[in-house]
Amino acid sequence: MEKLIDAIVRRDARCGIIGLGYVGLPLALEFARAGFRTTGIDVDRAKVDAINAGRSYIVDVDDAEIREQVAAGRLVATADFAAVRDLDTVNICVPTPLRKTKDPDLTHVVSAVNEICRYLRRGQLVILESTTYPGTTEEVVQPALEASGLRVGTDFALAFSPERIDPGNAHFNTRNIPKVVGGVTPECTRIAKTLYEQCVERVVAVSSPRVAEMVKLLENTFRSVNIGLVNEIALMSHALGIDVWEVIDAAKTKPFGFMAFYPGPGLGGHCIPIDPFYLSWKAKMNGFEPRFIELAGHINEGMPRFVVEKITDALNVHRKSVRGSHIHVLGVAYKAGVNDIRESPALNVMRLLQDKGAVLSYSDPYIPAIREDGLELDSLPLRNGWLGSVDCVVILTNHREFDYPAVARDARLVVDTRNALAGIAGDNIVRL
Ligand SMILES: NC(=O)c1ccc[n+]([C@@H]2O[C@H](COP(=O)([O-])OP(=O)(O)OC[C@H]3O[C@@H](n4cnc5c(N)ncnc54)[C@H](O)[C@@H]3O)[C@@H](O)[C@H]2O)c1
């Protein structure tokens, strides 16, 4: 193992990333920029081809960044797991979705680990980065890798390090977000920490993989529960006739003990709506009934219905029904500035409106088309004044690219779920 540490410090080690999505591609680039010869492995040939051709498919990554590393011979992508044989380190960044029953679906992790096992050799380091329940690294990954006959700690190193990337965030990226790492043995932690120290500004070692796994779930549960709380405050404020946005703006002037979270049409993305259920599943398996996670999930999942109720009431004031009304949605990505529609609450709002007979259209500069079960729409360009021809405009994602004063001016009716029209007054505006 000492040889591996030396190779890492000399940046001679060959690094591999399995799963080249929102997490894996930026990480692969960071290793390559640090001087490591880096191999990305993905089952999606389109991504492999794009990387080798110097093309990005992720908003935070420019084509030029990929081209530079590919041209320098530091980054190559492949769909062939046999590449693992020549690697010294392997980071697993594959998806960890939920089943329909909200149970963890580790299919991608298990399949990646089984592939690694076929080519595992002495002196390698394997790190799981996919978000998952506490115990996965030692209970699922370790036995699968030890099926090779090699032993963790003596023959190969194994650690968990949660990914904390925030797509679309202009300030924080793979390099300057501190990295938490916990190895199966202290030696595993030392090796994994040394690897990240080559390309991440701060590495925080913890005592075990399960602590590192729990850290990530605490962070995401914290967000889910606080968003659930503020969504409930929004529902309460609605019932009491109070503007929740004004309340939050004033509350956040408190310099300690308060952190602003904002209500919205519901939770979206690959992390916040999903990860806390990994924790609640594991807790239930151990006889513990988690309450905050379930309650926050319940409130957050109810938000699309509340938005539809707001739209219905707003149309009603205009003597219109949802059925037959033309409703135009602004923004369908799960948050501003990203081209990701996974778990987006906009899809739920749109399905509910479609079920009620609305005539739907949408604009989103990041999402050219929607082909999700039941929804088949193409993004419309926003022509000058056109919004005045629809019955209702609904702002579901507050992309910077929209001209909000023009929206408020042109639309006959706007339901704003993100406070995108803050500071603009008008009888045609209904806020969440
Ligand atoms: N997206 C985020 O903001 C974010 C932030 C923190 C943590 N995470 C976590 O990181 C993990 C990855 O998320 P992501 O957003 O990058 O997912 P993603 O879907 O963008 O990328 C995953 C990639 O893995 C590939 N893949 C799937 N199965 C594979 C296999 N068996 N072998 C090789 N490649 C395989 C897919 O083709 C895809 O390219 C998840 O556990 C997620 O919860 C995501």
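Modeller: Buried means under 20% relative accessible area with a 1.4 Å probe, counting protein chains only. Helices here are DSSP runs of H or I with at least four residues, strands are E runs of at least two, and both are numbered from the N terminus. This is a predicted model, so local features need pLDDT of at least 70 and side-chain atom pairs 80 or more, while totals for chains, interfaces and linings use all residues. Residues are numbered from 1 along each chain as its sequence is written, and side-chain values use heavy atoms, without hydrogens or water.

Colleague: Switching topic: how do α8 and α11 cross?

Modeller: The axes of α8 (residues 209-240) and α11 (residues 292-317) come within 8 Å and cross at roughly 45°. Axes are lines fitted to C-alpha atoms, for helices over the stretch in contact, and angles run from 0 to 180 degrees between N-to-C directions. That makes α8 oblique to α11. Oblique is what's left once angles under 35 degrees (roughly parallel), over 145 (roughly antiparallel) and 65 to 115 (roughly perpendicular) are taken out.

Colleague: Which residues make the contact?

Modeller: Among them are T221, G228 and H238 of α8, and F292, N300 and K310 of α11.

Colleague: What about α6 and α8, what's the angle there?

Modeller: α6 (residues 136-146) packs with α8 at about 120°, their axes 8 Å apart. That makes α6 oblique to α8. T136, T137, E138 and E139 in α6 meet P209, R210 and E213 in α8.

Colleague: One more: is D416 buried or exposed?

Modeller: D416 counts as buried because its relative accessibility is 0%. D416 is found in strand β14, residues 414-416.

Colleague: What is D416 in contact with?

Modeller: Leaving aside neighbours within four places in sequence, D416 contacts I395, L421, V430, R431 and L432. D416 and G264 are 152 residues apart in sequence and 9.2 Å apart in space, C-alpha to C-alpha.

Note on methods. Buried means under 20% relative accessible area, exposed over 50%, partly exposed in between (1.4 Å probe, protein chains only). Contact means heavy atoms within 4.5 Å.
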